[in-house]
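Trainee: I would like to learn how to read a structure of this kind, one feature at a time. Could we look at it together?

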Amino acid sequence: MKVLLINYGTSNINSIYNSLKKMKKVQIFINNFNIKKYDKIIFSGQGHITNSMNFIFKNKIILEYIKNTHILGICIGYHVFFNKSEENIKIKCLQCIKENISLLANNCCYNTYNPNIGWSTVEIIKNHKILNKVPVLFQQYFMHSYSSIYNKQIYSYAISKFNNKIFNSIIIKENKFLFQFHPEKGGYYGYRIIKNFLEL
């Protein structure tokens with residue numbers, strides 16, 4: 001199985017790379033755009049929406065890859081599939097999901113914000129085989145300030161809460177599997193999700 005790992009130049013890909021290395025029969029390619037077709041593509045976490053989108057639009061073959069390949073998007077790799085992000089509202093994203101990414105962590109009084117960093121509860125609200133052998137409530141590691149606000153969207157499969165706001169911690173739409181948390185840092189259940197993704 002050929003897996004493309006996308007690194008926007010600002011990402012920390014060590015954890016997801018090491019997770020993939022534990023899987024059998026997986027060939028990992030990082031930003032190798034010479035191969036015409038991959039079995040899976042992973043948009044890694046960590047980074048800024050501006051740098052991430054600039055990298056994607058600079059390497060336009062990525063736009064072809066995502067049409068018919070299973071996609072795993074982690075953290076910023078989840079955000080890039082929306083219309084825009086409040087992290088930089090001037091930047092156009094991939095527009096696969098017709099809504100914007102919103103700021104969750106804000107402090108109106110000091111014009112600063114506290115990001116959501118650490119372990120938080122994920123609640124599954126809709127089943128999918130990528131969540132096979134994962135309990136309805138489980139803990140995962142988050143590191144973000146922005147996300148998609150939960151509004152009973154049909155593509156929402158799990159929710160979490162931060163700063164009195166409920167957001168979509170798992171989104172599944174067509175061939176795109178988007179996780180606000182970092183499954184590569186998420187212990188057994190995170191490993192289980194990555195394994196399930198590779199088996200789709």
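**Reading the model step by step**

Mentor: Let us start with Cys75, which counts as buried at 6% relative accessibility, and which sits in the loop between strand 4 (70-74) and helix 4 (76-79). Please keep in mind throughout that this is a predicted model.

Trainee: How much confidence does the protein average, and where is confidence lowest and highest?

Mentor: The protein averages a pLDDT of 93, and 95% of the residues score at least 70. Confidence is lowest in helix 1 (residues 14-21), at a mean of 92, whereas it is highest in strand 11 (residues 176-179), at 98.

Trainee: What is the phi of Cys75, and what is the phi of Asn31?

Mentor: Cys75 has a positive phi of about 55 degrees, although it is not a glycine. Asn31, also not a glycine, has a positive phi near 50 degrees, and its place is in the loop between strand 2 (27-30) and strand 3 (40-43).

Trainee: Why does Asn31 count as partly exposed, and why does Cys75 count as buried?

Mentor: Buried means under 20% relative accessible area and exposed means over 50%, with partly exposed in between. Asn31 is therefore partly exposed, because its relative accessible area is 26%, whereas Cys75 is buried because its relative accessibility is 6%.

Trainee: Which residues does Gln180 touch, leaving out those up to four places away in sequence?

Mentor: The residues that Gln180 touches include Cys75, Tyr78, His79, Phe142 and Ser147. With the side chain of Ser147, the side chain of Gln180 makes a polar contact at 2.9 Å. Gln180 is found in the loop between strand 11 and helix 5 (187-198), and it counts as buried because its relative accessibility is 0%.

Trainee: How many residues does the largest nonpolar core have, and which have the most contacts inside it?

Mentor: That core has 33 residues, and those with the most contacts inside it are Ile42 and Ile170. Its largest share, four residues, comes from helix 5. Apart from it lies another core, of 31 residues, among them Leu4, Phe33, Phe43 and Ile49. As for Ile42, its contacts beyond four places in sequence include Val3, Leu72, Ile74 and Phe197.

Trainee: Which residues of helix 2 (residues 49-58) are buried, and what covers them?

Mentor: The buried residues of helix 2 are Ile49, Thr50, Ser52, Met53, Phe55 and Ile56. What covers them includes strand 1 (2-6), strand 3, helix 3 (61-65) and helix 4.

Definitions and conventions: Residues numbered from 1 in each chain as written. Predicted model: local features only at pLDDT ≥ 70, side-chain atom pairs only at ≥ 80, totals over all residues. Heavy atoms only, no water. Helix = DSSP H or I, 4+ residues; strand = E, 2+ residues; numbered from the N terminus. Buried < 20%, exposed > 50% of the residue type's maximum accessible area, 1.4 Å probe, protein only. pLDDT = per-residue confidence, 0-100. Contact = heavy atoms within 4.5 Å. Polar contact = N/O pair within 3.5 Å; in protein donor to acceptor, adjacent residues only side chain to side chain. Core = buried A, V, L, I, M, F, W, Y, C linked by side-chain atoms within 4.5 Å.
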